[in-house]
Amino acid sequence: MSARRCRWLDRRQPAPNERTNWWLYLLLVIDQELDGQSSGQADWAELTLWLLRQGQARAVFTKAESAEQLAYCTMKMRRAGISLGVLPTADEIVRACLDALPVRLNEAATLADRRELRGLDRTQMRQSRQAKRLVGAAQWHLDQVQDPRLASQLREWIGVKAQLVQRPRRPSTFDGNPRHGKYAWPRARPSGVITSPSSA
């Protein structure tokens, strides 16, 4: 099945400048199927998680983007009642988010006042913003974390989250949900529309 899915993806990859949009739209199509299905949700969930792994392996998404998407997608699936046996554990999700942090806790740029932004360079602001997003995504899974040390690490980041740099809210801001991608959605579905998990 995995090999057939890989061949399906290989045959349908668009031009490089359209690649990220294509993948995000593919995830959106599957997300809509998850919303509309009363049965077979576990299969759609498994396909979504497989695509997220493939997206990172094929360098479509960065490590941070993949971790963020994994956190939000899994949260939604858990709320939908999808079998926990299909989903990654909270420990796996939180670890992925923390591993993707671009800076250590003691090096992250934090602010007590927005006027302090003037003292930060672009790299510091970008890293702080990315850390804030990853901590926010991981935070949704804190209550299910089994590893005390991992939970403690996340709580330390949550403790400084309010002081991390906040990206101005815009309609195009990517929050890890395929429905809210930072890229403009193409008007047409990807070629070879998936009608069932087995068709990919």
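User: Of the contacts in the protein chain with a separation of 6 or more, what percentage is between residues 24 or more positions apart?
Analyst: That comes to 74%. Keep in mind that this is a predicted model.

User: Ok. How many helices and strands are there in the protein chain?
Analyst: Seven helices and zero strands. Along the sequence the pattern reads α-α-α-α-α-α-α.

User: And what share of the 200 residues is buried?
Analyst: Buried residues make up 44% of them.

User: Let's go inside. In the largest nonpolar core, which residues touch the most other members?
Analyst: Leu9, Leu51 and Trp157, out of 49 residues in that core. Two or more residues each come from helix H1 (2-12), helix H2 (19-36), H3, H4, helix H5 (90-99), helix H6 (122-139) and helix H7 (148-161).

User: Which of those gives the largest share?
Analyst: H4 does, with eight residues.

User: Switching to rings. How many aromatic pairs are there?
Analyst: The count is three. One of them is Trp8 with Trp22, a tilted pair with 6.2 Å centre to centre and 40° between the planes. Trp8 sits in helix H1 and Trp22 in helix H2, so this pair ties together parts 14 residues apart in sequence.

User: Are Trp8 and Trp22 buried or exposed?
Analyst: Both are buried. Another pair is Trp23 with Phe61, and that one is edge-to-face, at 6.4 Å centre to centre with 85° between the planes.

User: Where do Trp23 and Phe61 sit in the chain?
Analyst: Trp23 is in helix H2, and Phe61 is in the loop between H3 and H4. They are 38 residues apart, and the pair links distant parts of the chain. Trp23 and Phe61 are both buried too. Taken together, ring pairs join Trp8, Trp22, Trp23 and Phe61 into a cluster.

User: Nice. Which residue lies over the face of Trp50?
Analyst: That's Arg5, at 5.5 Å from the ring centre.

User: Last one. What is the phi of Ala59?
Analyst: Positive, about 65°, although Ala59 is not a glycine. Most residues other than glycine have a negative phi.

User: Where is Ala59 found?
Analyst: In the loop between helix H3 (41-57) and helix H4 (63-79).

User: And why does Ala59 count as exposed?
Analyst: Because its relative accessibility is 59%, and exposed means over 50%.

Technical notes: Residues are numbered from 1 along each chain as its sequence is written. This is a predicted model: local features need pLDDT of at least 70, side-chain atom pairs count only at pLDDT 80 or more; totals for chains, interfaces and linings use all residues. Side-chain values use heavy atoms; hydrogens and water are left out. Helices (H or I, at least four residues) and strands (E, at least two) are DSSP runs, numbered from the N terminus. Buried means under 20% relative accessible area, exposed over 50%, partly exposed in between (1.4 Å probe, protein chains only). A nonpolar core is a set of buried Ala, Val, Leu, Ile, Met, Phe, Trp, Tyr and Cys residues joined through side-chain atoms within 4.5 Å. Contact means heavy atoms within 4.5 Å. Rings of Phe, Tyr and Trp (its six-membered ring) pair if their centres lie within 6.5 Å; planes under 30 degrees apart count as stacked, over 60 as edge-to-face and the rest as tilted. A charge sits over a ring if NZ of Lys or CZ of Arg is within 6 Å of the ring centre and within 35 degrees of the ring normal.
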